[in-house]
Amino acid sequence: MIDPRFAERDYYLKRCVQEDELAQSLCEQPWVPRARDAIAGLLHRFLTSLDGDTEDISEKFRDFSQLQRRVIDDLEMPEHSRQAINAMLNDMMHHDAEGGEAKIVGLALGDALLARARFAIDIVPTALLAKHNYLLVIGFTEATRAALASTDHRLWDALESLIAYENQLHEDPGHFRHKHRMEILKGWQQEADIHELWHLHAWGMSCLIPEALSLLMAARHADAKRFLQITEKLTFPTIASDMLYTYDIRYDFNHLLVLLESAPSILNDACSWNRNMMAPLLLKVAFQHLQDLGNPPGTTEPLADLTEIKAKVRSILLVLLARPDGCYLCVNWLIHLLTPLHRSEASEYEGTLIDECISQLASNGFSATQLILPPVQPLVLELQNLKLVSLEEEDGKRAYFHFFIALLLHGKVPVKTDLCEAFESLLVTARSHFGSSRQYRRGWQHRLVANLYLTDKEHVTHRWRIAFDGFAPMLRRDRLVQAVKDLGVPSLFLAGVGIAMIRMGSEPEAPPVLASQMDDLWATVFEAAFQAYLCSAHSDTWTAVIEDLFRCYPGIQQTQGGGRFRILQTYLERLGTDDRLLALAVTALGTAGLDLCEITEDKNLQGLLEDRITTYIKWSLQFESRPVSANLRNYWHKRRNRRATEERL
């Protein structure tokens, strides 16, 4: 059943539903059976005259129906219905039959096809007649339901022949886009990544619109499994995808689940993708249904809250994971959900989808260890060895996302395997996916890995330092070697992990044994980041790390109490004469709630630091190619105004 909430919001859908209901009521009128028989006779004669010809169907039928107009005129029926039927028969392509009379014609069309029983010849002309009006298709579906209940009825073979017709039509050498289509099709046939089914817009298969597939609705309602087996034979995946976005599929959640359950497996005997496409496409439509409900585009209000969305995700996953290829599909769909979040945080809606998928996958007994590549042994960081162990782009991407899905699963059902070793190996072999040596951005990935290093709460700092030092040779070569890319990424990512560990250990609910080590961990990460800043070719990147590090220092003060300002002054002194780094560090402390006057009570030192920073800001605006950010300028402007007000009072 179509969710009525969609109909309330979507005018076109509401109109379709109302016309369907009106047509159903109209077909119960006493005059309809006789009219249906008469129109079926007319259509029978027309199909006979065509004898399989598919050229100019609409024009030929218009001419034929005008000659046979008396057939309708002699029937007893309401005048408005007579006019609607005549208008429709005269222009099958454009007449919308708002009164529902189109369903009567659709019923008659099904009757005519069955009566002639020349399905192989008549099925394409019938499909071309019906393609412009969904009520015609609904009527045809109802008329043929009894016939299709028999699995060996010849109409099944005729419906399957529509797939061959559609494929042949879109491979027509005479089409003006034929060359482009064939190039695209060749690329698709060589594609080995199932994710491309969820990015069909990238294939640019323009001018590809289903021409004769609307009648397959009858097959879908008669036997969903057989319907999906038939549609797997479509050559162009975009055509298959378009078929699944009709309103009676997209907005009917229960029907979507039935189709998803019935779709053929996508795995071959080697547990690789066998290029079947209906199950992945249906999975996307099912989640698009949730998107329309809970996260519509723009400023449109959601139709469902996150509790309902979560329940529907659970329903999808229960059906999906009952399939033999369910875990494979679920993991790949999680990669699809996580890919846009590679460099950003998940919204509450996206987080709900991902969390529930992970929960259901874990409940199904899927272990995190199934996704993790064995660590490279031994992990030698010599340049020649790095070239040998580095994964290809697609393999690296897959290994990267598999690892983080494994960490999410580990959060639900912990595994005994030490995942730190696997992480450090992957940090080398798939390093380009962990970021760039030229940009620092701390995200959800750092927090997941931080949980691994916080497992041993007694030796947090030592464990992180060993990992960071292990990648020091790569970091030193990052400024010298151009032949191997992203040598500084492992150290940079681990710096983000260290900062994430500090933030997690500084939370109010953190265990005391963990919180007590945050000072030491902060100092260790600072020394490592400062040394990297001094020796790295990408000093701006490490400047951002140090800025973020100072931003989280007030959190340590809050959990462990004050009295550590002299130590903080020492860290600021370590920054030396680098006014830019000093300005960023002191501003980071201030925006996090620790003002300069709280760092030191020495007025002279306060004045000295403030003068250095304000002088640098003025100089930067005039001469520096990379001037300080507006946030930094605004902070010091507001601070000066606040201090001036306090002095006047």
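**Entry 1: the second largest pocket**

I started with the lining of the second largest pocket, where α2 gives the largest share, five residues. Before going on, I noted that this is a predicted model, in which local features need pLDDT of at least 70 and side-chain atom pairs count only at pLDDT 80 or more, while totals for chains, interfaces and linings use all residues. Residues are numbered from 1 along each chain as its sequence is written, and side-chain values use heavy atoms, with hydrogens and water left out.

I also wrote down my terms. Helices (H or I, at least four residues) are DSSP runs numbered from the N terminus. On a 1 Å grid over the protein atoms alone, a pocket is an open set of points with protein on both sides within 12 Å along at least five of seven lines, while a cavity is a set where a 1.4 Å probe fits but cannot get out; lining residues have an atom within 4 Å of a point. Grid points are joined across faces, edges and corners, and a volume is the space filled by probe spheres set on the points.

How much space lies in this pocket? I read about 540 Å³. Of its 20 lining residues, I2, V17, D20, Y247 and D248 are the closest to the centre. Two or more lining residues come from each of α1 (4-9), α2 (11-26), α9, α12 (216-222) and α15 (247-250).

I then sorted the lining by class, counting Ala, Val, Leu, Ile, Met, Phe, Trp, Tyr, Cys and Pro as nonpolar, Asp, Glu, Lys and Arg as charged, and the others, Gly among them, as polar.

**Entry 2: the cavities**

How many cavities of 30 Å³ or more are there? I found two.

The largest cavity has a volume of about 50 Å³. I listed L42, S65, Q66, Q68, R69, I72, N86, L89 and N90 as its lining. By class I noted three nonpolar, five polar and one charged.

The second largest cavity comes to about 30 Å³. Its lining is T141, T144, R145, L148, A218, H221 and A222. Here α9 and α12 are the elements that give two or more residues, with the largest share, four, from α9.

**Entry 3: helix α8**

Next I followed α8 (residues 119-130), whose twelve residues reach 15 Å from first C-alpha to last. That is close to the expected 16 Å, which is 1.5 Å times one less than the number of residues.

Is α8 enclosed or open? Ten of its twelve residues are buried (under 20% relative accessible area, with exposed over 50% and partly exposed in between; 1.4 Å probe, protein chains only), so α8 is largely enclosed by the rest of the structure. Among the buried ones I marked F119, D122 and P125. Their cover includes α3 (32-50), α4 (57-67), α7 (101-116), α9 (134-148) and α10 (154-170).

**Entry 4: the cysteines**

My search for disulfides (cysteine sulfur pairs within 2.5 Å) found zero in the whole structure. C330 is buried at 1% relative accessible area, whereas C535 is partly exposed at 28%.

Definitions and conventions
Contact = heavy atoms within 4.5 Å.
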